[in-house]
Amino acid sequence: MRKIKPDLKERAKKELGLAGKKIVLLQGYFRRSKNFERVVRLFPKIADNVDDALLLIASAARRPEDIAYRDEFLEFVAKSRATDKIKVLPGPFSDERYDFILSSADVVVLPYLKGAQSGIMAHCLAFSKPMVVSSDIYALVDSIQKTRSGLVAGTDAELTGAIIKILTDKNLAKEFSDYARRYIEEHLSWQIISSKHMG
């Protein structure tokens with residue numbers, strides 16, 4: 001895990017041209033299993049309820065077979081009723097750029113259909129970012145329950161409501177951020193990791 005940096009949210013938003021926006025972030029490689037289109041499909045309703053909400057998609061196609069999906073996905077984004085409130089940042093990104101983009105997020109959504117673990121989730125914890133995860137992935141649900149750093153959503157209505165809740169309830173968002181920070185400090189800090197190996 002890279003060194004945790006201080007919260008750069010407002011600076012990151014400004015430099016990305018997103019100052020004054022509440023950022024819903026989808027980040028990671030383009031893969032059909034990540035189900036990014038679900039959030040794009042639901043985003044008009046989120047934008048209707050949160051005037052300054054913006055969906056930021058930071059992604060790249062890592063494998064040749066993912067290029068066709070990427071192109072299909074970008075066409076889907078272009079047809080969204082809320083396309084003027086969706087921004088796509090094409091990757092790949094350096095480690096520093098990846099971290100900088102993540103710093104801008106108010107909530108990170110992991111709407112995955114399958115998978116056993118998530119590097120994105122680990123970074124979200126390191127950067128104290130509130131998350132919304134799909135109930136379809138047990139490992140993600142288990143991590144959210146252990147860390148208390150976000151909400152689990154099953155239906156489309158639950159996913160939409162969870163994102164809106166975090167964007168509009170500052171106290172809840174701060175609570176999730178604080179729990180994420182505390183979990184890292186108590187379970188994953190370098191001091192704890194080294195003590196386990198040295199003990």
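**Exercise 1. Overall burial and contacts**

Determine what percentage of the 199 residues of the protein chain count as buried.

*Solution.* In this predicted model, 46% of the 199 residues of the protein chain count as buried. The next step is the secondary structure: the chain has nine helices and six strands. The last step concerns sequence separation. Among contacts with a separation of 6 or more, 71% are between residues 24 or more positions apart.

**Exercise 2. Helices α2 and α3**

Classify the orientation of α2 relative to α3, and state which residues make the contact.

*Solution.* Step 1: the axes of α2 (residues 36-49) and α3 (residues 64-78) come within 10 Å and cross at roughly 5°. Step 2: angles under 35 degrees count as roughly parallel, and α2 is therefore roughly parallel to α3. Step 3: α2 contributes Phe36, Glu37, Val40 and Arg41 to the contact, while α3 contributes Tyr69, Phe73, Phe76 and Val77. Step 4: sorted by class, the contact of α2 with α3 holds six nonpolar and two charged residues, with no polar ones.

**Exercise 3. Helices α2 and α7**

*Solution.* Step 5: the contact of α2 with α7 comprises seven nonpolar, two polar and four charged residues.

**Exercise 4. Aspartate 66**

Is aspartate 66 buried or exposed, and which side chain does a polar contact join to that of aspartate 66?

*Solution.* Step 1: aspartate 66 belongs to helix α3. Step 2: its relative accessible area is 5%; buried means under 20%, so aspartate 66 is buried. Step 3: the side chains of aspartate 66 and arginine 63 are joined by a polar contact of 2.8 Å. Step 4: with neighbours within four places in sequence set aside, aspartate 66 is in contact with Phe30, Arg31 and Ala61.

**Exercise 5. Helix α4**

Identify the buried residues of α4 and the elements against which they pack.

*Solution.* Step 1: in α4 (residues 95-103), the buried residues are Tyr98, Asp99, Phe100, Ile101, Leu102 and Ser103. Step 2: these buried residues pack against the helices α1 (9-15) and α5 (119-126) and against β1 (22-27), β2 (53-59), β3 (86-90) and β4 (107-110).

Methods: Residues are numbered from 1 along each chain as its sequence is written. This is a predicted model: local features need pLDDT of at least 70, side-chain atom pairs count only at pLDDT 80 or more; totals for chains, interfaces and linings use all residues. Side-chain values use heavy atoms; hydrogens and water are left out. Axes are lines fitted to C-alpha atoms, for helices over the stretch in contact, and angles run from 0 to 180 degrees between N-to-C directions. Helices (H or I, at least four residues) and strands (E, at least two) are DSSP runs, numbered from the N terminus. Angles under 35 degrees count as roughly parallel, over 145 as roughly antiparallel, 65 to 115 as roughly perpendicular and the rest as oblique. Contact means heavy atoms within 4.5 Å. Ala, Val, Leu, Ile, Met, Phe, Trp, Tyr, Cys and Pro count as nonpolar, Asp, Glu, Lys and Arg as charged, and the others, Gly among them, as polar. Buried means under 20% relative accessible area, exposed over 50%, partly exposed in between (1.4 Å probe, protein chains only). A polar contact is a pair of N or O atoms within 3.5 Å; within protein, one must be able to donate a hydrogen and the other to accept it, and residues adjacent in sequence count only if both atoms are side-chain atoms.
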